[in-house]
Amino acid sequence: MNYTTFIGIDISKKSFDLALIKGNPTEKMITAKFNNSHEGIVSLEQFIRKQDLVKPEILFCIEHTGLYCRVLSSYLVENQYAVWLEMPVQILKSLGVQRGKNDQLDAKRIAMYANTFKDKARLWQPPREEVQKIHDLLTLRDRLVESRKSILTPIEELEATGLSEVASSLRKHCRKSVESLEKEIEQIEKELDDIIDKDTNLKNKYKLVKSVPGIGKITALALLYYTNEFSLFRSAKKLACYCGVAPFPRESGTSVRGKSRVSNFANKAIKKLLHMASMAAISSDRELKAYYQRKVAEGKNKMLVLNAIRNKILHRLWAVIKRNSPFQDQYQIA
C-alpha cells in the first residue's frame with residue numbers, strides 16, 4: 001500500500017497524543033490530544049474527517065502498550081484503517097540518542113518512525129475473541145499465583161530458619177485465603193481448557209505446541225496469544241528475536257570480538273516461560289539433556305546453554321506448526 005499520511009499515537013491510561021504527517025515529512029506536523037475513552041475516539045474520528053484525508057492512504061502507528069491501546073486499535077481496524085502496533089523499545093532503538101521527552105514529542109517521533117519505516121510496516125489484526133479471553137484469564141491467573149506466593153514465601157522462609165511453630169501459626173491464619181486462591185486458579189485453568197476444547201483451530205494448534213518437550217499448558221497458551229495463533233512471524237528466527245532468545249554477535253572490524261548476546265528488546269513474559277520450558281526439557285528430553293550436559297562439560301556458561309535450548313525449543317515449535325504435525329522424538333523413532 002502506498003501510504004501518504006502517517007499518524008503517530010502515544011497512548012496512556014487517560015489520554016493519547018497524536019501527530020500527523022501529511023505528504024512532506026519536513027513540513028510542520030499537525031498535533032492533537034484526546035481522552036482515551038469512547039468520547040475521545042469519536043473526537044479523533046471527527047478530527048480525521050476535517051483533515052480531508054484518504055482513508056486507504058493513512059497509516060496509524062501506535063505504541064503497543066497492551067491494555068491502554070486495546071480499545072483504540074480495535075476500533076481503527078474495525079473501521080478499515082491501517083494500524084501498525086509497534087513495541088515502544090523498537091521505536092526507541094531506531095531513534096538513537098534523543099533529547100527531551102513528553103507525550104506530544106513522543107507522538108511526533110512515532111509518526112516519523114512510521115514514515116521512515118513504512119515499507120516494514122506489519123498491519124495489526126486483533127486476536128479473535130477466544131484468544132483475547134485466553135490472555136485475560138492468563139493475566140488474572142498470574143496475579144492470583146503471585147498473591148499466593150506473597151503469602152506463602154515468608155512462611156516458608158520462617159520454616160527454613162527453624163521457626164516452625166511461628167510458621168505453623170501463620171499457616172493457620174492464612175489457610176482459608178490460600179485455599180480460596182487455589183480454588184480460583186483451578187477454576188481459571190478449567191475455563192481455559194473449555195475455551196480450547198470448544199475451538200477446533202485452537203485445539204489443533206494447542207496440541208501441536210504441547211507436543212514439543214518442555215512446553216506445558218501455560219506456556220502453550222501464552223504462545224498462542226502472543227503470536228496471534230502463529231500469524232505474526234515469518235520465521236523461527238523472527239519468533240526467537242521477539243522472545244529474546246536469539247543471540248547476536250558483537251563484532252566490529254577486526255578488533256572487536258565480544259561474546260554473542262541476546263537482545264533486551266524482548267517479550268519478557270514469554271522469555272520467562274521459555275526458561276522454565278528449557279529447565280523441563282533438559283529433564284524430560286534425552287537429546288536436549290545430552291546437549292546440555294555436553295556443553296556444560298566443555299566449560300560453557302550454564303545460562304548460555306539454557307538459552308541455546310530455549311532457541312532449539314522455539315525452532316522445534318516452528319517446525320511442528322508449519323508442517324501441522326506433532327513433534328517426533330528422533331531417539332524414539334530410532
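Reader: What makes β1 and β2 a hairpin, and in which sense do they pair?

Author: β1 and β2 form a hairpin with three residues between them. Strand β1 (residues 5-11) pairs with β2 in the antiparallel sense over seven bridges, and two strands count as paired if DSSP finds at least two bridges between them. Phe-6, for instance, has Ile-21 in β2 as its bridge partner. Strands here are DSSP runs of E with at least two residues, while helices are runs of H or I with at least four residues, both numbered from the N terminus. This is a predicted model, in which local features need pLDDT of at least 70 and side-chain atom pairs count only at pLDDT 80 or more, whereas totals for chains, interfaces and linings use all residues. Residues are numbered from 1 along each chain as its sequence is written, and side-chain values use heavy atoms, with hydrogens and water left out.

Reader: Why is strand β2 called largely enclosed?

Author: Seven of the eight residues of β2 (residues 15-22) are buried, so the strand is largely enclosed by the rest of the structure; buried means under 20% relative accessible area, exposed over 50%, and partly exposed in between, with a 1.4 Å probe and protein chains only. β2 also pairs with strand β3 (residues 30-35) in the antiparallel sense, over six bridges.

Reader: How do you know that Asp-199 and Arg-128 meet in a salt bridge?

Author: Their side chains meet at 2.8 Å, N to O, and a salt bridge is defined as a side-chain nitrogen of Lys or Arg within 4 Å of a carboxyl oxygen of Asp or Glu, so the pair qualifies. The pair links distant parts of the chain, with Asp-199 in the loop between α6 and α7 (200-210) and Arg-128 in the loop between α4 (103-116) and α5, 71 residues apart. Asp-199 counts as buried because its relative accessibility is 10%, whereas Arg-128, at 31%, counts as partly exposed.

Reader: Why does Lys-190 count as exposed, and which residue does it meet in a salt bridge?

Author: Lys-190 has 52% relative accessibility and therefore counts as exposed. Its side chain meets that of Asp-194 at 3.5 Å, N to O, and both residues lie in helix α6, four residues apart, about one turn of the helix.
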